[in-house]
Amino acid sequence: MSIDKDTARRVAHLARIEVAEADLDHLAGELSAILGFMEELRAVDIDGVEPMTSVTPMRLPWREDVVTDGGDAARVLANAPAARDGFFTVPKVVE
Amino acid sequence: MTDLASLTIAEARDGLRSGAIGAVELTDACLAAAEGAAALNAVTARTPDLARAQAAAAAARLKAGDAPDLCGIPLGIKDLFCVDGVPAQAASRILEGFRPPYESTVTARLWDAGATCIGKLNMDEFAMGSSNETSVYGPAISPWRAAGDAALTPGGSSGGSAAAVAADLCLGATGTDTGGSIRQPAAFTGIVGVKPTYGRVSRWGIVAFASSLDQAGPMTKSVRDAAIMLKAMAGHDPKDSTSAPHAVPDFEAALTGDLRGRKIGIPREYRVDGMPAEIEALWQRGAEMLKAAGAEIVDISLPHTRYALPAYYVIAPAEASSNLARYDGVRYGRRAKIGPNEGITALYERTRAEGFGPEVRRRIMIGTYVLSAGYYDAYYLRAQKVRTLIKRDFEQAFDAGVDAILTPATPSAAFGIGAMANADPVEMYLNDVFTVTVNLAGLPGAAVPAGLSAQGLPLGLQVIGRPWGEAEMLDVAFAIEQASGFAAKPAKWW
């Protein structure tokens, strides 16, 4: 399977990574080479094989649905590139 | 004792307890060694104030007779671990300026045990790389040199950890291993590196790369030190839902070097095309060492081995694309500047384009592609089924009575910085050929130095253990360490 320029543009957008139009051909080539390496998986007989969903056979534990941490807005916001009045700030989202 | 920083953890522990050396002077020796090793670019943030405060507290505990094994032992911490208030960037521009307001479970355990923190250590960006060259800080440099003075890679992604331990900047270091990132750099620098069973060590507070593959482990100067450090790092943690509620054995007590009654498998599929003769010979010598220690050596087959790398390079990027979605310039790290008429999407896209390096961008996009509608079944689901088969190969070998498996750790000795600059990304991925199977199957693996290449560079062997069989695995590594008598150290040039 090889990736064309339009697919490269779509993947970059899905991944929310800006790629200049002039760089799309190069990107498509790189991604195609990596996918080519994965083509070898097609040779494996996977009939009736279950996909791995858990590395070790264990059930995810449950706990009481209670607050265990929090109330630390100032320390959380200390790392924000932009914050105001106890909130993260971002450019206008709704037009 | 003139050079305290060159001690092993076990030697220092005994010296600290007997009073022959002091915790403060030991930590000061490592801080001085780290300060004098700028040429190695192994340390990304030095933490002398933290280290000295911890050393003073350790000295008091030692005096009071309350001294766990790591009390007063100076360690380095891979930049992937969060240490409260200390910069943690995962060697990425996108986390510029980030200071975590919390402590990872692993580092909290180490400090509770009395260890001291000499600083954060260099690595490949988000642990994606095999040569430390994708780091925003620039590559860490190996203390080892071959003929000529060309700079060599310490390996990756835990390259700073490997360089720091091999150069005696600290007595041990933390690493993380998603496809070989502890074992390959350990092998390249002549030290011991252990990737524990998935779930043995808590992942909480460690920057995530591929959550079903990531495990943290120790990187040390000896197998005994790895056993000591792993015991302190391991254990159940309610904050990590994949952390196993198993008791942690005394790994150090299991080190006997006596392998009578043990069966060691040699997997024929690891004899890969183009394997250098010296790697093949090292592997053969390793098997002979284990036989001499009493083990029975058997040929085994792990038939799906050749599919491990392609499966890994579907699964790891898929998980990374999801884990790294959080870096969007809103909550932490670096935010790109956007124009007055641009909106939130431009903010996300430019922040991520500027903040991630080329290898990380590539992997996020590959992961996005294999998870996208129309390709999920062909790539991701298929890779997860192949992963089941790879795990089954190991289960069948263990069911047939094999106690541990011996393989080379890497397909070559360390290569030069820049040597792979023009290579295809896939060529760099081939470094993981002997190590990724272990992550896919969730098994423990240890790299142990076993000899030198014709150029005088370290070569390592890998011991793969049964699930939760780290103690038995380390005992096999211990037998190799004893038989090989590996004691080479890099000559100081930095």
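The legends below describe close-up views of a predicted model. Local features need pLDDT of at least 70 and side-chain atom pairs count only at pLDDT 80 or more, while totals for chains, interfaces and linings use all residues. Residues are numbered from 1 along each chain as its sequence is written, and chains are lettered from A in the order in which they are written.

**View 1. Helix H1 of chain A packs with helix H11 of chain B.** Val11(A), Ala12(A) and Leu14(A) meet Met365(B), Thr368(B) and Tyr369(B), contact being C-beta atoms, placed from the backbone, within 7 Å.

**View 2. A cis peptide bond joins Gly156(B) and Ser157(B).** Omega is about 5°. Ser157(B) is found in the loop between strand S3 (116-121) and helix H5 (159-166) of chain B.

**View 3. Phe126(B) has a positive phi.** The value is near 50°, and the residue lies in the loop between S3 and H5 of chain B. Phe126(B) counts as buried, with 31 C-beta neighbours inside 10 Å (buried means 20 or more other C-beta atoms within 10 Å, exposed 12 or fewer).

**View 4. Asp85(A) also has a positive phi, of about 55°.** Asp85(A) is in the loop between strand S1 (83-84) and strand S2 (87-88) of chain A. Asp85(A) is exposed, with 6 other C-beta atoms within 10 Å.

Notes
Axes fitted to C-alpha atoms, helices over the stretch in contact; angles between N-to-C directions. Helix = DSSP H or I, 4+ residues; strand = E, 2+ residues; numbered from the N terminus. Contact = placed C-beta atoms within 7 Å.
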